[in-house]
Amino acid sequence: MKNTEYMYVDGIPVAINGEKNMLQVIRKTGVKLPTFCYHTDLSIYGACRMCMVEDERGNLYTACSTPPRAGMSIKTNTARLRKYRKNILELLLANHCRDCTTCANNKSCKLQDLAVRFNIDGVRFPNRADDNKVTNSSASIVFDSGKCILCGDCVRTCHEVQNVGAIDFAFRGSKMLISTAFGKPLSETMCVGCGQCAVACPTGAITARSEIQKVWDAISNPSVKTVVQVAPAVRVALGNMVGIPEGKDVSGLIFAALRKMGFDEVFDTSFGADITVLEESKEFLERLKEGKRLPIITSCCPAWIQYCEKKHPELMENVSTCRSPMEMFASVIKEERQERGKKLFHVAVMPCTAKKFEAQREEFLGKDGSRNVDAVITTDELTHMLKEAGILLNEIDPEPVDHPYDNASGAAVIFGVTGGVTEAVLRNVVKDKSRSALMKLSNVGERGNEGLKIFELTTEDGVGLRIGVASGLANAEKLLGMLKNGEKFDIIEIMACPGGCVAGGGQPFVHADVRKTRGKGLYDTDRMLSIRHSESNASVQALYDRLLKGREHELLHVHYKKK
Amino acid sequence: MPEAFDYSIVDEALAKCGAKQSSIIAILQTIQEHYHYLPEEVFPYLAAKLDMSEARIYSVATFYENFSLEKKGKYVIKFCDGTACHVRGSVPILERVRSELGVTAQKKTTDDQLFTIETVSCLGACGLAPVMTVNDEVHPAMTPDKAMEVIYSLKVKEDAR
């Protein structure tokens, strides 16, 4: 057996257990080095120089890009390092638009945090930030080059995690900037609006496009009836704003808070997800019977739909014609919740920036040109609105959603986590729906945080199904590559954001641990619900007897127009 | 986008340099050799052929000073402004040529798309200073009059066509 190797961090021996870089070894000692460009999900870049450490001979190393060596002795906090770090921060701040009080990311900004941490009490250099060069061409995100510190996190996320590559560095030296090819509007590039770049951005340079004002205006207008729906993934992330642990389901508090904010009716997108499960299972069973257009590929994720349209248009035929739960529910709401003499304004609270684009797609406009969803706000935006309204989530009492869409199954709630849609559909497809059968079904391979999951399953009728589940578009690309190489799949689920909607581009503080706890939160809720598969949702069944009779195709399905 | 861009030059470049991402600089150079600049149309085409994002190719093309994204004239005239050429009087030549052709340091190409006037830092022919090149053909020991003579003879040749 090989002896354990040690390196010395600030004089303390630390075991090296296969860490790829010193940064990870140092973190084990309880020292958190400052970083901008280091992300565990991304390749090593070594650009920001904040994680610099010093060895005994005074050599400097970037901890993120230097592998640990046995016997090496480094210091993490010397006078020289402190001076350099301050210098780097001052230089970054000199190139940064420092309008912090009016920034969307005020108080959730890594640059701000590190400036505070290193006691930056003045910047010796004149400010040379681009003044307000804001790119506003995407329905989902806004880019402000004046706040960009060129760490490249967004570029690597877009290329490595999402395989989209809409943006990259352009030009060089002092002229360098983040740009699309030829500075084209984002809407004309491969951008799918997933918002993972905004998640990766350590400053407020990339943010979700805010629709807050639009929503407040509607709420304050007495001749407008405001109806809101909240997606499953929001409930396990929002509580964190008031210190409620990540992953704890605060749906009741959210419904109560939305009513306090002034929404006239409050609903849960899970209801829409239950309709989606029924429609998608129906569609899958039909295709399976005919043996045509298999595999069926899920259609809930609007960023995935854009990716498919832009990169794999030939696969659009395999994509389920089901609208996303948000859009299914929106068309039901538009049909049923109109009130005489009032204009209906429908808001969706989503963990997602791509939904902002979906909501304005021409396929989801009514005959009169009006949108089915009038505004989409992200979890982050809802957090801002709650703060503005002074509503303390931890001090109010929980409330249920409004009638008549007042039930949701556990199958619908888990739509927010990777593998959830597959599990929900499987629950519907199998005949034995006993508690133990459903429990078994949760162990066939669809759960877990891996980006790519492939498993097989035999139904009661002896039909063998091969299922692929991918989250993160680079993983999706791998899965589609297997499909194109002739591998057989029956169901493919794709969510654009790694981990699924719980780690969506509109969620606060997305990182690997949070994906896991939030996913677990949704599974916990599912386990606690007595209704666990969509068919047993009585409110949905009632809707089929009422509104949806013979109108399923018109209201619940969509054929995306060829671009 | 023009109706039909002829991609045969791009295909030749791909065949010559190898259709792989690591050859991107050589591919762009080969394309630029033909067009004297990199037409916008080649970017999406290359992106698809090399399974590489357009933004990344744009990143490479804007990083290197040598790549141009602006359309150039039929004759690309480079004036050396390295130390040797500079002290032997490259600036007056450049000023005269620019004023007679109506171009500037920013607007480098004449309106008739015939001439593009550029400066380079050193052509490595200091013994011949001041040096001018016309589409890589070297003209040594220039003066303002000699430079204009070369340009006028090209203009006369073109007008006769």
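A polar contact is a pair of N or O atoms within 3.5 Å; within protein, one must be able to donate a hydrogen and the other to accept it, and residues adjacent in sequence count only if both atoms are side-chain atoms. The model is predicted: local features need pLDDT of at least 70, side-chain atom pairs need 80 or more, and totals for chains, interfaces and linings use all residues. Residues are numbered from 1 along each chain as its sequence is written, chains are lettered from A in the order written, and side-chain values use heavy atoms, without hydrogens or water.

**View 1. Domain 1 of chain A against domain 2 of chain A.** Domain 1 spans 5-77 and domain 2 spans 96-208, with bounds from an automatic or database assignment. Together they bury about 1,200 Å² (accessible area, 1.4 Å probe, lost on being put together, summed over both parts). F36(A), L42(A) and Y45(A) lose the most area on the domain 1 side, together 51% of what that side buries. Six residue pairs are in polar contact here, both residues at pLDDT 80 or more. The rule finds zero salt bridges (side-chain nitrogen of Lys or Arg within 4 Å of a carboxyl oxygen of Asp or Glu).

**View 2. Chain A against chain B.** The contact (heavy atoms within 4.5 Å) takes 17 residues from chain A and eleven from chain B. About 1,200 Å² is buried, 58% of it on carbon and sulfur atoms. F171(A), R172(A) and F182(A) supply 49% of the area that chain A buries.

**View 3. A salt bridge between the chains.** K184(A) and E54(B) meet through their side chains at 3.2 Å, N to O. The count between chains A and B is two salt bridges.

Conventions: Buried area = accessible area lost by both parts, 1.4 Å probe.
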